[in-house]
Amino acid sequence: MKQVFIGLLLTSSLIALAQSAPKAVLLRLDLDETVIVGALEGNKWVDAEDLSTSSQAAIAGGLKSVLFNNTGVIGKAMAGGKVSIGSTCDWVRVTDISTPVKLPYLPTYAIAAAWNPVPRAISSIANTNATYQKIIADELQQRKIAKPAMVSQVLQVDLDNDKSNEVLIVAQNPRLSFDAQNRLNGTYGSEKGEYSLVLVRKVIAGKVQTFSLSERVIEKPFDGTSGQPQVLTQFISAIADIDGDGKMEIFVDDLVHEGYGVNIYNWNGKGFSKILEWGCGV
Ligand SMILES: [Ca+2]
Ligand SMILES: [Ca+2]
């Protein structure tokens, strides 16, 4: 009898766990649609097409959200309501969002969560700063890349709250660009040695170490005979704590030939690992 009772308790608490509201819902705002990147159900990120009924209900009921980008929180938004299938990829789910905030660039992100997604300030350093030009020049030399250093972003923030700032550097040649609607442009590589690098410099036991999150280098320019044209575009679009552990994650948006997406990295104590990704492509 007692065993049956415990069994029932276990079953009902498991059902309760499965049915509890998502801890967070993450949204990606682009020019023509707002994508549901995923929901944090328990400790697991679930893709939009596989959401639990309670996550679906939370989204349908409306999400009080915070907008954020690579400068921090930029405002509030109401999101959710109707959910439909994305226009390009059938695994993508899109919903509505409403905000009075003018977005400085796209893509931008929004999260519905109970915690402050940007607990520490993010500051930006000029791309022309000689220190970071030199760091990128050295990184290129190590990789035997002959093209000049072209820094597109330098951001400074204490990601892991160890009271020491990390420095995030993106470099790209040809230069990173945005279109007339402030949307990230896809820049194709056409010459050997053109590159994009996404690096993080972090002090560990008093010493600066450089971690590479993602890099692209044109080894062989596309000549139309085999493979596909290569896009170099990589951009740190946002920095935020999306799982509520107090550590901030790095959003690296990228474009590929006929596709686009985002990879989200965190500091795991030893290095940076990808905790979530989203993408859509032909
Ligand atoms: Ca730190
Ligand atoms: Ca986190």
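**Domain 1–domain 2 interface**

Two salt bridges are counted between domain 1 and domain 2. The model is predicted. Its chain splits into domain 1, residues 2–113, and domain 2, residues 123–281. The contact between them draws on 24 residues from domain 1 and 27 residues from domain 2.

**Layout and area**

- The C-alpha centres of the two domains are 26 Å apart.
- Interface size is often quoted as the accessible area lost when the parts come together.
- Here, about 2,100 Å² is buried between domain 1 and domain 2.
- Carbon and sulfur atoms contribute 63% of that buried area.

**Polar and charged links**

- Arginine 183 is in a salt bridge with aspartate 30.
- In the pair of arginine 183 and aspartate 30, the closest N and O atoms are 2.7 Å apart.
- That distance falls within the 4 Å cut-off for a salt bridge.

**The domain 1 side**

- Four strands each supply at least two residues of the side of domain 1 that touches domain 2: β1 (24–29), β2 (34–41), β4 (63–69) and β7 (108–113).
- Which strand gives the largest share of this side? It is β2, with four residues.
- By class, the side of domain 1 that touches domain 2 holds 18 nonpolar residues.
- Three polar and three charged residues are also found on this side of domain 1.

How values were computed:
Residues numbered from 1 in each chain as written. Chains lettered and ligands numbered in written order. Predicted model: local features only at pLDDT ≥ 70, side-chain atom pairs only at ≥ 80, totals over all residues. Heavy atoms only, no water. Domains from an automatic or database assignment. Contact = heavy atoms within 4.5 Å. Buried area = accessible area lost by both parts, 1.4 Å probe. Salt bridge = Lys/Arg side-chain N within 4 Å of Asp/Glu carboxyl O. Nonpolar A, V, L, I, M, F, W, Y, C, P; charged D, E, K, R; others polar.
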